[in-house]
Amino acid sequence: MMTGNPFTPVKIGPLTLKNRFIRSGANEMMSKDMRPTRALLDFHTAYARGGIGMTTLAYIAVSKDGRTLPGQGVMSADSLPHYRAVTDAIHAAGAKASAQITHGGSFCQIDDLSTPRAMSASGGIDKMGVLMGRFFQRAMTRVDMDRVRHEFAEAARLCEEAGFDAIEVHMGHGYLLNQFLSPLSNRRRDDYGGSPENRARFPAEVLAAVKAATGGRLAILAKINLFDGVPGGATVDDAIVAARAFEAAGADMLVLSAGRNIESVWAIFGSPLPYDDLAAMQGGLFAKLQFAILKRSVPKLPPFHENYLMDQALALKAGLGASSMKLAYLGGVQSLAGADAALEAGFDAIALARALIHDPGMVDAWRTGARAVSGCTACNRCVAVMYGPAGTHCPVVGNALDPALKNIFAGERAAHAA
C-alpha cells in the first residue's frame, strides 16, 4: 500500500513522472481545422509551469469520422507538427505530455461523416445523431473494426513522432470503445458482445495495437468507466473483467472514471451539470429542448463530496488482486488531504481536471504549502463555457490564480476568441 507523499516520482511503464499528479483529459475546445491552436499550447503550458507531473491533451480523434465536434483535433501527418509544438512547450516547462486518443463512434455531432450512418457496437437509434437529423446508427463490421484498430495504431505512431510521452486510450464516457464495453449500447451476438469478456475484446485489441505501434517506448494508459450509473449499464464487476483484459493487452496504467455523456453525465462529475447554462449556449430550439429534457432526467443526487468515486475504485482495485498494473484515482480530489487519502488507499497517481481548471498552479501551491484546498466548487460551469469562443476555463475564478498564470489565461482566451 502506498503511504508516501504525492510529490514523489512514479514510474508508468517506461515513463517516470516527477510527482503523482496528472492533469486528466477534459475537452479543451481549443482546436481549429482539426489542429491544435496556440491557445491549447498556452493552456497546457500553464499546467506544466504550475507543477503538474503530466498533462493530458484531451480527445484527439484517430480519424475525421472519430471527431465528436467539427473542429476537434485529429492526429494526422498534417496536425503532427502543431502537436509537436505543444509537447515541446510542455517539456520546456517541466512536465510530461500525454495524448488522449479515441473515436466517438455514434457519439458525434458532425455533418461530414464519410458514411450516411455513424457506426457503433450495435445498430439502432442514434441518440446523438438525432440532433443532426441522423436517426439511426449502424453496427460495425469486422472490416470496420480492422480499419479502426489500424487508425488507433497509426495515431499512436504519430503521437510518438509528435513528442508525446504517453498515450491514453479513452474507453469511457460513451465513446466508441465504451460503446463496446457497455451493455447499454452493445447488443452484438458474435465474439464481441454478450459477456463482459466479449464486450472487452475489441477495446483490448485496440489497446494491444497501440502498444505494438509504440514498441513499449511510451507509457500506455486506458481511461475506463468504473460503472455506467444507470440500470442495465456496466457495473464495477464488468470493469474488473475489462481491466484484466487491458492489463493482458499491455496497459501500464488505468485511469478510473465513471458515467456516460448522454445517459449519466452526472456520474462523471459527482454533481449535476448546469443545464440552464448549457441550454443558453445552444443556437437552436431543438438543442435547447434537449438540455431541458436532460435536466429533468437527472436523479436526486447527494451533495458533491471529495473523492466521490473512491468506493468503486477500491472495489476494482480489490478485484484485481495482486495485479502490478498502475491505477490512477480520478474523482473529485479537491485538497492535498484528498490526494494523500488516494495514495494511502493504494492508488499510484491522482488525476484532476476541474480543480486545475480553477487553478493551474495548484500542485505547486500544495507542494509549497501556500494552499491546501482548491477553490473549485464543482459547479461544472467550466463544462458549459467549453462550448463558447474561449474554450474551457473557470468562469468564476477569482484570486486563486497567480498573476503570471492569470496573464497566460487572459492571453490564451483572447487568442482563442480571435
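**Entry 1: a surface patch.** I looked up a nonpolar patch on the surface, formed by Ile-125, Phe-135 and Phe-136, with about 320 Å² of accessible area together. Patches take residues with over 30% relative accessible area and no salt bridge, joining like charges within 9 Å and nonpolar side chains (Val, Leu, Ile, Met, Phe, Trp, Tyr) within 5 Å. A salt bridge is a side-chain nitrogen of Lys or Arg within 4 Å of a carboxyl oxygen of Asp or Glu. Accessible areas come from the Shrake-Rupley method with a 1.4 Å probe, and for residues only the protein chains shown count as cover.

The model is predicted: local features need pLDDT of at least 70, side-chain atom pairs count only at pLDDT 80 or more, and totals for chains, interfaces and linings use all residues. Residues are numbered from 1 along each chain as its sequence is written, and side-chain values use heavy atoms, without hydrogens and water.

**Entry 2: Ile-125.** I checked Ile-125 and noted it as exposed, because its relative accessibility is 52% (buried is under 20%, exposed over 50%, partly exposed in between). I found Ile-125 in strand β9, opposite Phe-136 of β10.

**Entry 3: the sheet.** I traced an open sheet of 3 strands in the order β8-β10-β9, with mixed pairing. Its edge strands, β8 (119-120) and β9 (124-125), each pair on one side only. Strand β10 (residues 136-139) runs antiparallel to β9, over 2 bridges. Strands pair if DSSP finds at least two bridges between them; helices (H or I, at least four residues) and strands (E, at least two) are DSSP runs numbered from the N terminus.

**Entry 4: Tyr-387.** I placed Tyr-387 in the loop between α15 (381-385) and α16 (403-417). Tyr-387 is partly exposed, at 41% relative accessible area. I also noted Met-30, 357 residues from Tyr-387 in sequence and 9.9 Å away in space, C-alpha to C-alpha.

Conventions. Buried means under 20% relative accessible area, exposed over 50%, partly exposed in between (1.4 Å probe, protein chains only).
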